[in-house]
Amino acid sequence: MKPRMMAGSSGDTKNPKIKPRPIVRIGIFLISHSIVVSLLCFAAGIVALILLPLFAKNTYISENALMPGSANSMLSSQDVKEANKLVKDIIGLKLSSEEARIEIPRLIAQHMADAGSEVYYHKFHPQMSQFYPLHFFSGSPNSGNIKENHSCVSHAINTVGIIRAPRGDGKEAIVLVTPYNSEKVELGEALSLALAYSIFSLLTRVTWLAKDVIWLAADARYGEYASVTAWLRDYHIPQFSALEKLDADICFESGYPHEQNENQIRTDVISRAGTMAAGLVFKVVDKHKETDKDTLSIYAEASNGQMPNLDLINIVNYLAVHRQGLRVKVEKLYFLLDSVFLKIVGDVLETIGKVARSLNARWEFGIPVADYIDGAATLASSMYHQALGVPTGSHGAFRDYQVDAITLEISPKVSLNNEVRILEFLLRGGRLIEGTIRSVNNLLEKFHQSFFLYFLTSPSKFVSVGVYMIAFGLLVVPLPIIAASLYCDANVLDSHCIKEQQKSGPASTNEAGIAFQSWRWLHAAKVVLVIHLWGAIVSLLPYLMYQFPEMTPTTSMLSWGLLSIASLLFLHQILGSPYSCVTVNQSPNREWAVLKSMMIAAAGIGLGLMSIINFATAQIGALLIVPMCLMVHPLKHVYRAGRLRTLAVTACNISLGFIGFPPAAFLFLKAYSEGLGSVSAGDFWNWVESLWAWNSATYLYLGLIHLPCWLLFMYVLLHPC
Amino acid sequence: MEKTRWFWVWVITSLFFRLVLIYFPENLNLGFRPEVATPLTSLRRLAEGYWLKQSSMSPYAGSMYHGSPMLLSILGPLTVKRIEGQPSHLMCSLLFVVADLVTAMLIRATGQTLQLAYSQSLRSLNLVSLLESSETLSAGDIAALVYLWNPLTIITCVGSSTSPIENLLIVLSLYGACLRIAPLAAFGWVLAMHLSLYPVILIIPVILLLGYGPDAPPRKLFLQKNSSENGNSPSCHGNYPCNEVTSQEKLPLHPFLWRPVMHFMLWASFWLFYVFVLCSISLKQHGGLLEMLKRTHGFILTMEDLSPNIGVLWYFFAEVFDFFRDFFLIVFHINILFMILPLAIRLKHRPCFLAFVYIAISSMLKSYPSVGDSALYLGILGLFINELAEMKFSFFLFCGYIGVSLLSPVMHNLWIWRGTGNANFYFATAIAYACLQIILVVESVGAMLNHDRMLRKNSTVKL
């Protein structure tokens, strides 16, 4: 849009009578004051980000059909006593790990069958971590099974029970997941199994059930996420491969619990209930930290910053606080609680709030310092976990199938050593889960009423997309403005040059100079394209290196770096170096400015894209990239300016260039938090490996947007202008 | 020589690149993208239609296939032909690669013709100074490379959609018209119309091309020039008989030639008849021609399939009340027709450019657009690189096209797969895309008219 405006302004000088249209004038104004505007916007963006905890709203239950807590709980102490027996059975097994692996599923299956539900075993192999950087985008999770030789021992066995709803049509289901480690069962895991059992046995008897209930006792030998994701994959994507069958037959004897004749437990088929309405993963953690109430921690972040519908969290929070009297927590970054900066900001905000209230009693926007700090720490944790793109628990596996799921981690206030305490605890936890299931059972359609895009600042407060987008928008707005202003300045300079040439000698009138003028950015576009191509190559290089599994992280990291540099040199060899094409007509000032504006445009597009894929990554990335884009200036060019300014700009640029380089930034942060001794080059490799193991889009962001932007930053910085 | 070699290297590289991509179609899954394969052009639907036909049912049964029966007979056998260990649809993909190559070559040949005519007319206007040989490639070469290396073209070619064939036919008709080969122009036009209906409006530029010859500066310029060169007799100022005397001497001011146009008409009716005969033979048992017209052109006009695409119509017709539907269908289709006449009057001296504008407008307003249409008009845009050198907004348009083409799949993913977005997300990118196309058309037409003004100014200065 901007070239036009410049043309309008240049046309202005010729015939001053014609005024450009208002929108054009606004554009010209913005471009001519680009530095002030962009500084203002950037500062406003940072301030808006800091103020986000202030703008958090109280959560509310948006879907009327849910009606949490409207019915009395039916879970009786009799059910709980039954469940307690299961705890004793499991704890009392006292088996070797080999036997426990088979014996516990048998025990659970027997209880499930006794309660009167369908039961089957689900056997799976752990999947190797693989390099699928585009996986997050392909929608359906990968169905290609890896043809590897698993020994029969390496199976893990999930036990699954299904209650068919008496009032339902079998088209919808609610999933309960209780992960336990079959090799070494702890009291907490036994308790969570018992909790599930008490609810499950209750649900077989109730009449109000309209959705099927599935209880997945997930064998977490290979991690709870792996077991849940394996079951979900087989549930949604049936496999009919012959290999599978053969495998099952060979391992049949050794792999499965010995069956008793009276209850036929199927092992070869996966029974299905309907589509899943919600998933609840619950765990009991026996912490030995005394608190005044039983505590419920909610984990909600799934892969790539996806969150379950806010209504699900709302129901659990409402029932836990108002019905069962639990203390509800969400994760927060604890080290931020002692932050001096947050305390000062909180103080200021509180004071402003007080002053405002004294002026007009209806202005209520101040919050207490403690609330602010707490909210900021929670918000930071929420943002961090979303940005990382790694799910915070096995509920993340559900989100890949568009099922809303959360993990509930219940921990008792005192250690559970006597039976009365255990019974009370089980009753309370069971009633919470029963209430949640009853609420979800009322649901008429998928969760859709409430928010999917939000940050939590406390269990009962959230910042919705409409609010946090403002902070990001303000951060990113300077990019197009600066790009346009640089581009226009360069063009104006150019046309001046040509005019002067024409004045100096009419013989040297070169119309080729005028021609193609508006296409001059093509060279810069080529450079940016080549760099982004390089970014793509760099992000794909680990695939190559995965072919050599023997490498240690450090050697991998080093070879990755070397290969990246080699590929960059190679690309420049065949596609031309970035500084080559300086034609006669180009004013020297121009080339770096066009390159910079192209780089800014690319960064802006990239950030915009990322804000849709994973907002939190884009937000954190913008904090790094935007100053880089705004500040960068060729060092040679800077020296012509004043001394102080030179020093400031150079220092800023060099520090930004350091911080902007992903490995450097990572190692710097690690050294800062854990001390210099613990840092090695392999750490970055490990971190990045974890990113692609979880199919995080953050990896792609780093490789395709951030790294090319940083390299272009360096190019502009070292530009021989 | 160096330039030519360089050109061919890039052509061959682009073909090689396509071949490499064809070997990974399963990973890319482009045939399922709504941006690439529309209900009209999807090769999967074509395979389904072929299967139906093989089992002696109507290929149009079940509203799966909506293309021409002739495509079915040509491409159909190729879809079932499998080579062991190779990706499916390999033969079709190879055919599309060839089609792309031929299209590019035709664009190049058209470009050379245009350049020849352009330099001739400039020379006759004494504006040789504008004609300095550009140090890079000629416009035709650039256009061919733009077409071959445009990511949209590559995606369309690899993504198993029949758009490359449609593009080939449109370019073929333009090429035939440029060289005044009436049978070829008629053949391309009839088949393109038969396949996707919208090229029917290209009849105007084709007739103008056949009548007046390739793009030239406005006729008024030549008239002025002639009258001024014809001596000072004021009676000659701008009337025909006087001009014809001088134009025979040196200026290429051709009158409208009716002969090639009549040839074109005859050939077009012949080809049309021929196509209809072939189609009716092919569909003899399945309802005949009427059924075909209903299921192909009728399907295009009534906008039956409302699955999301990069156009703007699906969203609107998903919302509109049924009893207004016919009215709005007429309104939307007339939108394209409205612009035909004014543009034809204003740009009649530049028929090729007029064709570009028509293609761009129809690809913006058509009922099932795909990126293949954009690939075509962007390629043709390259032909006018010399005239459009002063085009504004080029940087903005470039960034916009990149941004939208990346954003669109992401929004689709958010809506369809992740379920956290909704239809508005995807439609927003469709609107942005339509706006970009509008800006492109407006700016390119503006730049072209400016170029004409510049020519007039320079020629009057020289007088």
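A nonpolar surface patch is formed by A:Val340, A:Ile344, A:Val348, A:Ile352, A:Val355, A:Leu359, A:Trp363 and A:Phe365, which together have about 790 Å² of accessible area. Patch members have over 30% relative accessible area and no salt bridge, and nonpolar side chains (Val, Leu, Ile, Met, Phe, Trp, Tyr) are joined within 5 Å; areas follow the Shrake-Rupley method with a 1.4 Å probe. A salt bridge places a Lys or Arg side-chain nitrogen within 4 Å of an Asp or Glu carboxyl oxygen.

The model is predicted: local features need pLDDT of at least 70 and side-chain atom pairs pLDDT 80 or more, while totals for chains, interfaces and linings use all residues. Residues are numbered from 1 along each chain as written, chains are lettered from A and ligands numbered from 1 in written order, and side-chain values use heavy atoms, without hydrogens and water.

A:Trp363 sits in the loop between helices H11 (340–359) and H12 (369–388) of chain A. Its relative accessibility is 44%, so A:Trp363 counts as partly exposed (buried is under 20%, exposed over 50%). Helices are DSSP runs of at least four residues, strands of at least two.

Eight strands of chain A make an open, mixed sheet in the order E2-E3-E5-E4-E6-E9-E7-E8. Strands E2 (118–124) and E8 (327–330) of chain A are at the edges with a single partner each, so one side of each lacks a neighbour in the sheet. Pairing requires at least two DSSP bridges; E7 (residues 295–299) and E8 of chain A run parallel, joined by four bridges.

How values were computed. Patch = residues over 30% accessible without salt bridge, like charges linked within 9 Å, V, L, I, M, F, W, Y side chains within 5 Å. Buried < 20%, exposed > 50% of the residue type's maximum accessible area, 1.4 Å probe, protein only.
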